[in-house]
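Hi,

Here is the structure I promised to send over. Have a look, and my notes follow below.

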Amino acid sequence: GGNKMIYFPEEAGFSLGSANDPKYYVLQIHFDNPSNVAGIQDFSGFRLHYTSDLRTYDVGILWTGINVDALQLIPPGVTDFKSFGYCPITTGLQIISTPLNVLGGILHTHLLGTKIRVLHFRNGNLLRILLEDKYYDFNLQEWR
C-alpha cells in the first residue's frame with residue numbers, strides 16, 4: 001500500500017535556507033487500520049536529498065479547490081451534487097513571472113466525494129484536464 005516514490009526532475013527541487021523559504025516543514029503521514037488488526041508494523045519513510053547546487057527550477061505546492069465550511073451544504077436526499085472551486089489569477093498567482101509546469105497532484109474529497117477533477121483554463125477556454133478520478137476512493141489517495 002501507500003504511495004509510490006515521488007521523484008522530481010533533475011533540474012528541479014525545493015528551495016531551502018533562503019530568506020524567502022519556510023522556516024519549518026511538516027511531514028504528514030496518515031495510517032489506517034479499519035479492522036484493528038494487531039501487530040501491524042509500518043516501514044514507510046522518506047529520504048530528503050540536500051545539495052548546495054541550486055536547481056534551475058524551484059518546486060512548489062499550489063493548493064486549489066474548496067474550503068469546506070458551514071456554507072457548503074449538500075441538501076438531504078440528493079444523489080448527485082457538484083461543488084466547484086476556482087483559483088483565479090487574482091488570488092496571488094500574478095507574482096509568478098514564469099510558466100508553471102505541473103508535476104503531479106493529489107486529489108482529495110473526504111468521504112462524500114465520488115468523482116473529482118482539476119481542470120486548467122486560460123481566458124475561459126479549457127486547455128486540459130490536469131487530474132481526474134472518475135471513481136474516487138477515500139482510502140486510495142495517491143500522488144498522480
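Leaving aside neighbours within four places in sequence, Thr109 is in contact (heavy atoms within 4.5 Å) with Ile116 and Tyr136. A word on the basis: this is a predicted model, where local features need pLDDT of at least 70, side-chain atom pairs count only at pLDDT 80 or more, and totals for chains, interfaces and linings use all residues. Residues are numbered from 1 along each chain as its sequence is written, and side-chain values use heavy atoms, with hydrogens and water left out.

Back to Thr109: you'll find Thr109 in the loop between strand S2 (57-58) and strand S3 (116-122), strands being DSSP runs of E, at least two residues, numbered from the N terminus.

There's one salt bridge, meaning a side-chain nitrogen of Lys or Arg within 4 Å of a carboxyl oxygen of Asp or Glu. Arg144 pairs with Asp133, their closest N and O atoms 2.8 Å apart. Arg144 sits in the segment after S4 and Asp133 in strand S4, so the pair ties together parts eleven residues apart in sequence.

Cheers

How values were computed
Helices (H or I, at least four residues) and strands (E, at least two) are DSSP runs, numbered from the N terminus.
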